Amino acid sequence: MIPISQQDFFKENSKEDIEQFIQKVLYMKQKYLFIYATGFSAIAAEYLYKKLLVLGKKTIIATGTDSIGVFENNLEDIGALIVISKSGETQLVIDKLLVAKEQNIFTVTFTKETTNRAATVSDLNFKIVDNNKLDDRNMLPNSFFPRLLMLIEYMFKMYLDEMQQEIE
């Protein structure tokens, strides 16, 4: 059994991190949110993409198989780059983050909890506990992706609670 609890989010991340994500990403208007991921992370990215779309957020998604033009030809319309990378070391991911930083685009990464380049480069990093840190082929059971999806759902809940309070 792989234990997952809400405490996992706050062991490595703060409520301030979540609030910053809500303010700088979920409340964004006019500009696009750009999601990028490769491999297994692209599956979780697709989930995040669809959640953002149903909330009415302008969102673009790209993976490692997409042309670099999908990202570079939309730079002026991107307000935030959201990257999911279990290792935080995928070179395609690092390249996107560096370009976004040069363009003053707010960057968010979801990575494993140990030190990694993507976390260092990004403006906001969410650290997700990975029980099998050395399993770069995702062959072993792990809780990284379930924890990631739980954190995403938790942040959406916090955002929707804030929206509800504004209405009342």
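This is a predicted model: local features need pLDDT of at least 70, side-chain atom pairs count only at pLDDT 80 or more; totals for chains, interfaces and linings use all residues.

Residues are numbered from 1 along each chain as its sequence is written, and side-chain values use heavy atoms, with hydrogens and water left out.

Helix H3 (residues 41-54) has 14 residues and reaches 20 Å from its first C-alpha to its last, close to the 20 Å expected at 1.5 Å a residue; helices (H or I, at least four residues) and strands (E, at least two) are DSSP runs, numbered from the N terminus. Its buried residues are Ser-41, Ala-42, Ala-44, Ala-45, Leu-48, Tyr-49 and Leu-52, where buried means under 20% relative accessible area and exposed over 50%, with partly exposed in between (1.4 Å probe, protein chains only). They lie on the same side of H3 because they cover an arc of only 155 degrees around the axis, taken from the directions from the helix axis to the C-beta atoms. On the other side of H3, Ile-43 and Val-54 are exposed.

The largest nonpolar core has 36 residues, of which Phe-21, Val-25, Ile-82, Val-108, Phe-110, Phe-126 and Leu-148 touch the most other members; such a core is a set of buried Ala, Val, Leu, Ile, Met, Phe, Trp, Tyr and Cys residues joined through side-chain atoms within 4.5 Å. H7 gives the most to this core, with nine residues.

Methods:
The expected span of a helix is 1.5 Å times one less than its number of residues.
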